[in-house]
Amino acid sequence: MPTPSALKEYSEPVVRVITLNLEKDGGKDQENGDHPPRWRAAHEELLAPRRPDVILRQEATYSDLDDQRRLHAAEDILGMKGFLSPNGSGRNPTALFLRPETFPRAERLEQLRYWRTPPTIVVTQLAEVPEVGVVVTSWHAAFNSPRGREREAEELTALADKMKKGTAFIGGGDCNEYPLAHGETVAHIDWTSPAITDRVHIRHRTNAGPGGTRVSCTYLDDTLLGCGLHDPARYAAHEMGMAEALDPTAGHAAEGQGGGRRIDRIYLDPWLVQAVLAVNVLDTTGLSDHHAVEVVLSRRKMAEALRREPSPLPPSAALTHSVAAEKPLTTTPEGTTHA
């Protein structure tokens with residue numbers, strides 16, 4: 001199991017948002033009925049000590065069983081209110097947890113059609129700003145279909161559209177595809193490499209390019225950034241000098257798939273992203289095949305953002321650069337490129 005990441009103390013109150021794909025919900029319950037060790041460690045050793053205010057969970061595989069027994073156990077460990085999506089064809093529900101002291105009320109929304117794994121969506125309010133709605137959503141995009149992910153991303157734009165009426169946006173999860181290349185510290189996969197041997201994975205993660213080439217899927221990132229949302233990891237890296245915010249989150253151990261990539265991401269509206277204090281990739285080695293991502297927000301600046309006191313951040317620079325324009329500065333033996 002990983003050593004828990006150090007919890008930095010801040011000189012002001014903060015709001016912590018964590019997304020975690022806990023592989024297969026940590027496994028089945030043990031024969032004596034106890035929850036599996038990986039599930040307990042994830043909640044008791046990784047999540048609870050960080051006192052998150054929002055958790056976006058994926059692969060809550062067994063949490064709908066026995067009257068949601070495992071979901072309620074997580075609530076008890078975390079001191080948070082849990083929400084679980086309906087089961088889809090992926091048979092891995094998403095989940096979402098809110099800390100009641102931070103977000104006292106929440107109303108469920110549902111998007112069931114078009115999703116292989118339906119997202120968990122709530123509308124809530126920060127305690128200090130009860131007049132402003134905050135849409136919070138946990139998603140797990142289809143692993144097996146570029147077209148399916150495109151349709152799912154378009155459903156997320158219906159939530160982003162609520163920004164027009166003053167609603168804030170916090171969302172994220174397992175995107176099962178890649179960020180646009182501009183400003184990233186990990187290069188896109190070279191799909192012509194003989195090291196890429198998983199032929200099915202190639203079809204899951206690429207689109208056809210010119211001359212029989214394959215091009216990495218980036219539709220979800222392009223679509224959400226195009227709606228005016230922002231990736232706080234990019235913000236932390238480029239505006240705050242926290243390059244480690246762009247570290248890979250998944251794919252480290254998979255054979256023939258190109259190595260680790262930044263698959264798990266969180267998105268914020270152009271007001272809230274300016275409240276970011278830090279973005280941390282939390283090592284989950286031994287717990288899951290995906291690392292967790294934590295976004296730390298200034299609670300004061302979050303309240304100001306909800307009231308829209310700052311001007312919105314302009315659209316992401318990633319939208320104005322093509323993959324061909326990328327010029328790596330340093331290349332590691334593994335083929336990853338660091339700015």
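Reader: Two strands pair if DSSP finds at least two bridges between them. So how do strand 5 and strand 6 run, parallel or antiparallel?

Author: Antiparallel, with 4 bridges joining strand 5 to strand 6, residues 120–124. Strands here are DSSP E runs of at least two residues, and helices are H or I runs of at least four, numbered from the N terminus. This is a predicted model: local features need pLDDT of at least 70, side-chain atom pairs 80 or more, and totals for chains, interfaces and linings use all residues. Residues count from 1 along each chain as written, and side-chain values use heavy atoms, no hydrogens or water.

Reader: Noted. Which residue is the bridge partner of L109 in strand 6?

Author: I121.

Reader: And what order do the strands take in that open sheet of 5?

Author: The order is 5-6-7-8-11, with mixed pairing. Strand 5 (106–109) and strand 11 are the edge strands, and each of them pairs on one side only.

Reader: How many bridges join strand 1 to strand 2?

Author: There are 5, and the two strands run parallel; strand 2 covers residues 54–58.

Reader: Switching to L22. Where is it?

Author: In the loop between strand 1 (14–21) and helix 1 (37–47).

Reader: Is L22 buried or exposed?

Author: Buried (under 20% relative accessible area with a 1.4 Å probe, protein chains only; exposed is over 50%, partly exposed in between). The value for L22 is 0%.

Reader: What is L22 in contact with, beyond four places in sequence?

Author: Contact means heavy atoms within 4.5 Å. Its list is R38, W39, A42, H43, R57, Q58, E59, L287 and S288. Take E59: it sits 37 residues from L22 in sequence, yet their C-alpha atoms are 6.0 Å apart.

Reader: Last topic, helix 5. Which of its residues are buried?

Author: L220, D221, T223, L224 and L225, within a helix that spans 219–226.
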